Amino acid sequence: MKWKLVVSLLAVLSFLGATARAQETSRIDVFAGYSYLQVNPGFRGVDSFHSHGGSASVAYNVKSWLSGVADFGGYNQGTVPARNSGTIGTYLFGPRVSYRHFGKITPFGQVLFGTAHANRFVFGTIGTQNAFAMTAGGGVDYQLFNHFAVRAFQTEYLLTRFPVGTVIRGGQTQNNLRVSTGFVVRF
């Protein structure tokens, strides 16, 4: 009889603990920070180059482990192969899966889909271009205060499909690397 009472009491306490833990998860996470982009044009005779900029994202936490993410980035390279200023912007959306059981450390993984926009100096095209973009990767947040965290790193494979050179139809696949760091505010 005592064992049934002890087991029942532990079950109730576990349920209440899980409920309290679920309430600690913020509803919205806002990230802003620095991003480094290694651009690989994917075209013979054109070397890869570095771009620097920033990115911001808003994540709506549906569950403690599942979020919907909207991510926006802007990157600039002062002197690309065409010797002019090249800019790339990304507009990406998709799911994020987080693991919130390490105390102050929250690792996450995400896959985002959307559009990238580049001016004509990035890939030597006729004009500015919009292209399909996709990222797959993850990162780690470290909670400093109740509503404030540092994104220690976020590393992602960034696929884009821009036409390269004077090719107008179709697109050439660019396999790029994006690394970001910054701050997260949780509401």
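First, the conventions. This is a predicted model, in which local features need pLDDT of at least 70, side-chain atom pairs count only at pLDDT 80 or more, and totals for chains, interfaces and linings use all residues. Residues are numbered from 1 along each chain as its sequence is written, and side-chain values use heavy atoms, with hydrogens and water left out.

Now the fold. There are 8 strands closing into a barrel, in the order β1-β2-β3-β4-β5-β6-β7-β8, with antiparallel pairing. On average, neighbouring strands of this sheet are turned by 25° against each other, direction ignored. For that angle, axes are lines fitted to C-alpha atoms, for helices over the stretch in contact, and angles run from 0 to 180 degrees between N-to-C directions. Strands here are DSSP runs (E, at least two residues; helices are H or I, at least four), numbered from the N terminus. Two strands pair if DSSP finds at least two bridges between them.

As one example of pairing, take β6, residues 129-145, and β7, residues 148-160: they run antiparallel and are joined by 12 bridges. Within that pairing, Tyr-142 has Val-150 in β7 as its bridge partner.

Staying in β6, we come to Asp-141. Is Asp-141 buried or exposed? Asp-141 is buried, because its relative accessible area is 3%; buried means under 20%, exposed over 50%, and partly exposed in between, with a 1.4 Å probe and protein chains only. Its side chain makes a polar contact with the side chain of Arg-151, at 2.7 Å. A polar contact is a pair of N or O atoms within 3.5 Å; within protein, one must be able to donate a hydrogen and the other to accept it, and residues adjacent in sequence count only if both atoms are side-chain atoms.

Arg-151 also has its charged end over the ring of Phe-31, 4.5 Å from the centre. The rule there is NZ of Lys or CZ of Arg within 6 Å of the ring centre and within 35 degrees of the ring normal. Arg-96 likewise lies over the face of Phe-108, at 4.5 Å from the ring centre.

Both arginines turn up again around Ser-57. That serine lies in β2, residues 49-61, and counts as buried because its relative accessibility is 3%.

For another setting, look at Ser-48, in the loop between β1 and β2. Ser-48 is partly exposed, at 39% relative accessible area, and its side chain makes a polar contact with that of Gln-38 at 3.0 Å. Ser-48 and Asn-176 are 128 residues apart in sequence, and 9.0 Å apart from C-alpha to C-alpha.

Last, the aromatic pairs. How many are there? The count comes to 5. The rings of Phe-72 and Phe-93 have centres 5.8 Å apart and planes at 80°, so this pair is edge-to-face. Rings of Phe, Tyr and Trp (its six-membered ring) pair if their centres lie within 6.5 Å, with planes under 30 degrees apart counted as stacked, over 60 as edge-to-face and the rest as tilted. Phe-72 is in β3 and Phe-93 in β4, so the pair ties together parts 21 residues apart in sequence. Phe-72 is partly exposed at 36%, and Phe-93 is partly exposed at 44%. Together with Tyr-91, these two form one aromatic cluster.

Technical notes. Contact means heavy atoms within 4.5 Å. Lists of a residue's contacts leave out its neighbours within four places in sequence.
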